[in-house]
Amino acid sequence: MSALPSSRTPDRLRTGVRAALTTLGTGFLRHPANTSLRAHVDAATLHNALLRLVFRLLFLFVAEDRDVLLSPDATAAARARYAAHFSTARLRARARGAVEQGELYAALRAVLDALGDPAGAPGLGLPGLGGLFAPTEADAPLHGLALSDEDLLTAVRRLSEAPDPGTRRARPVDFGRLEAEELGSVHESLLQLVPRIDAAERAFTLVGLPGNARKTSGSYYTPAALVECLLDAALDPVLDAAVARGEAAGAAARELLALTVCDPACGSGHFLVAAARRIARRLADVRGGTTEPYRDALREVVAHCVHGVDLDPMAVELARMALWLEAPEPGRPLTFLDARVKHGNALIGAAPDLLRGGIPDAAFTPTAGDDREHARALKKRNRAERKAFCDRPVTPGREEADAWCAAFLWRRTADAPPAVTDAVLRDLPGAPRSTHEEIARLRDRYRFFHWHLEFPEVFGPDGAGGFDCVLGNPPWERIKLQEQEFFAQHDAGIAAAKTAAARKRLIAALKEDPDRAALHTAFEAAKRTAEGTSHFLRNGGRYPLTGRGDINTYAVFAEAGRALTGPRGRMGMIVPTGIATDATTRFYFKDLVEGCALAALYDFENAAPVFPDVHRSFKFSVLSLTGRALREPAARFAFFLRDPAELRDEGRVFALTPEEIALLNPNTGTCPVFRSRRDAEITLGIYARLPVLIKEDDPDGNPWGVTFGTMFHMANDSHRFRTREELTATGWQAAGNHYVNGDRVMLPLYEAKMVDAYNHRAADVVKSATAVKRQNQPAYLTADAWASASRLAVPGNWVDRAETPPGTPPGRLAFLRISSPTNQRTMISAILPPAAIGDSVFLLHTRNARDSAALVAHFNSFVYDYVTRQKAAGLNLNFFYIRQLPVLPPATVHRHTDFLTPRVLELTCTAHDMGPFAADLGDTGGPFRWDEERRRRIRAELDAFFFHLYGVGRADTAYILDTFPIVRRKDEARYGGYRTKDLILTAYDHMAASGIATGGTYTSPLSPPPGAGPRHRCRG
């Protein structure tokens, strides 16, 4: 039977590994001889031992099929003995036939034990490989156990066969061609599977965690095309520079082999293997370029150039295994990579400059579980010691580095061991034994990793060096412990609690139950670890730019990677696009821009999808930086990519200088998100002509005098909200969309779903009978409903008027918080009547109604929306975006008040509850009648006006309107053409003829003119 190429089987290999794990686990549990396992079994520890067993088997399959397992000096007799009685090839062949009773597992164990023994087994031709095969505590659950031939062969068959996509018949996998990334994909797919043991059935199973389909499917694993894209951006410039240096000195090969490449979150080694291949190809080229020089070069590169770190010990073993298999040298132990690929927490460690400064006072800031008074006393003592002993140097050793880290993670309670304060650090040998023991405990728990001590040849004695290239796709995870994820592995009932409050009650109850108190202790320990990590990242001094807010590991890894990069090196990472656009990372990105360290940022949306089972709207980027001794005069950008191949389209890639980025986002220095070079040119032109709404650090930077705010937090203020049922049950009477009870009034609580552009009554809020989450859904009103000036939007909740802020204006300028650059419209703004307003609607406080009218017209214009789309990368239209968007100066707008105000008035005041706002604008007539055609033409005139005043030419106006595909599609479905565009361009041409931008007078063709349209009668 022909073998199935491994490249066609990655998904099936993942399925096979999962099946093999459950088969082996259940087989061990059910074997009659394994009574001790059943008596003391722990699902997690058994799972870890099974993982090691399965990956050892996979290594054997690959090494045997490539003929690189046995020692090169093995005798012919030893080779024959191994092949006939001990090889996994024999096991795989027997797994496809009838099961014979024998001692197959004992023979397999003999092979595994021999590979873990430094002496190997010469009689079988087996070398001592160590590494993954070396016995550790993780293997203890399987020590001395028995396994039936049937269970072993079933597991082997699951691992070694896969269904052919064409015939659907099982075929053996060709492990000789298995790529390193396939093993890594398998490992990633298992990370979020939770082991379960059914004691009654003696069954071992793996269960997927809710909400973690990404990891369950292996889709966190980086596709090869994206890895190559990252190497193009970050590694190739390093190789080019090395070859150029070498050619000048006649030593290009030596320069290449002197390079150091590191992945600080290396996982199972995917990026390290890809980088090694790329360096080896370049090395082979300079030597002559045939196949054999490439294989030799690859072995040299793996031995000299690649470095990696990971917190997962299994991942570290797999990375070493992948590198060994990529450049095999039969007989060479896996341990030769121990000094290059290491286990540890890349984010928690000391640095020479921080050690020299002693223990900062911030180390003693209390966290959950600490005694605040004790923490305060420690901080006071530390401050005094720093002053008294600052002239006493800190010994730059590993123990001192561990102690420095431990100071941040110490329990700050009276019953804790004596803490590491500044004086203790400077005289560590004199510290009490209990202090040393606690340092060791914390070191092992948090896996401290001191880069300058682990790789002294890279960083030098003062830690000033660094890697020539830092690469990777670090974890994208919040540091804060997620209760639901923790208990999904330990108590499904608590994980499935309907609300956070209910879950907290169940957690608290654990402490009172003697049988379950241990779970509460484990939860508190995990929580303490997460909070300790967060505390270190915020206050340790290593991450001043990203160690803030709700910390996500990707941002901290990005800052760490930059610090690990040598002065003339390069860094490349795959991270969420928020690294360049979000408020929490703005300090980091601004520092990159101002330091000319940004080389490239290529943004991808997952529409293809690049990562299967990740939401299609998710955005991530290839980020490429230079070392601190290099400066990039302009960075290369591309956005909204769906495939790395699109980077070959020069129209998608453009350059921006630091000065241009500062012009576009003067407050934050964050990155705009242009789809094309033309978008960049149009937007830069607008910013060159117009000021931003608020320029921070400028005393005259807020000419409109606006402030931002929200009114009610939908979660934290929910105790203030009342439903219709609650109000009617307590005697309240409906009055429009208000409720009254004597002198008291309940105001409608506006949510984003109730609001549209120039329309405060877009939808009612109704309770869904089927939705499990987000039960409040919009029921959109129609033109028939809007035809009545008394038909108001009905909310889902009401709030007592007495609880709303005092001094309510007659109309509030509002815009919707949740949006997207891929929606029909991104910026949606309206004037809201006096009401309670939830935080899905943001508020802009202005000096008067006329300013509110002018700004709502800005916000709802296509040109403003277009620029907004170049800025907003995520779903939240935060205040910091709006502050940096271009608006006309008040003096310019006031010259056009007679044009703007009547049009905003007619679009906005279509219901009786907007009467106070109309009166504030000087209008005392009744509400305007809702007329779809008039509204469309009035909005077209406003759009044309802003295109002119923003200085956008006709061709660019037409182009901008074409960047709103959903508007076009809906127009074409309704009118047979892009009518919105036609109306705006017609108005644009008429205004151009009138010279409106230079003071000319424009006369609307509408009759009656805007602001004089048909009205309802005023209420008596």
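Modeller: Start with a term: buried means under 20% relative accessible area, exposed means over 50%, and partly exposed is in between (1.4 Å probe, protein chains only). At 0% relative accessibility, Cys305 counts as buried.

Colleague: Before we go on, what kind of model is it?
Modeller: This is a predicted model: local features need pLDDT of at least 70, side-chain atom pairs count only at pLDDT 80 or more, and totals for chains, interfaces and linings use all residues. Residues are numbered from 1 along each chain as its sequence is written, and side-chain values use heavy atoms, leaving out hydrogens and water.

Colleague: What is the mean pLDDT of the chain?
Modeller: The mean is 91, and 95% of the residues reach 70 or more. pLDDT is the predictor's confidence in each residue, from 0 to 100.

Colleague: Where is confidence lowest?
Modeller: In helix 9 (residues 213-216), at a mean of 41. Strand 6 (residues 261-263) is the highest, at 98. Helices (H or I, at least four residues) and strands (E, at least two) are DSSP runs, numbered from the N terminus. Over residues 211-219, pLDDT stays under 50.

Colleague: Back to cysteines. How many disulfides are there?
Modeller: The search of the whole structure finds 0. A disulfide here is a pair of cysteine sulfur atoms within 2.5 Å.

Colleague: New topic. What is the order of the open sheet of 4 strands?
Modeller: The order is 15-25-22-23, with antiparallel pairing. Strand 15 (707-709) and strand 23 (829-832) are the edge strands, and each pairs on one side only. Two strands pair if DSSP finds at least two bridges between them.

Colleague: How many bridges join strand 22 to strand 25?
Modeller: There are 4, between residues 812-816 and residues 841-845. In one of them, Leu816 has Val841 in strand 25 as its bridge partner.

Colleague: Last one. Where is Thr910?
Modeller: Thr910 sits in the loop between helix 37 (897-908) and helix 38 (915-920). Thr910 is buried, at 1% relative accessible area.

Colleague: What does Thr910 touch?
Modeller: Not counting residues up to four places away in sequence, Thr910 touches Arg761, Ala789, Pro927, Phe928, Trp930 and Arg935. Contact means heavy atoms within 4.5 Å.
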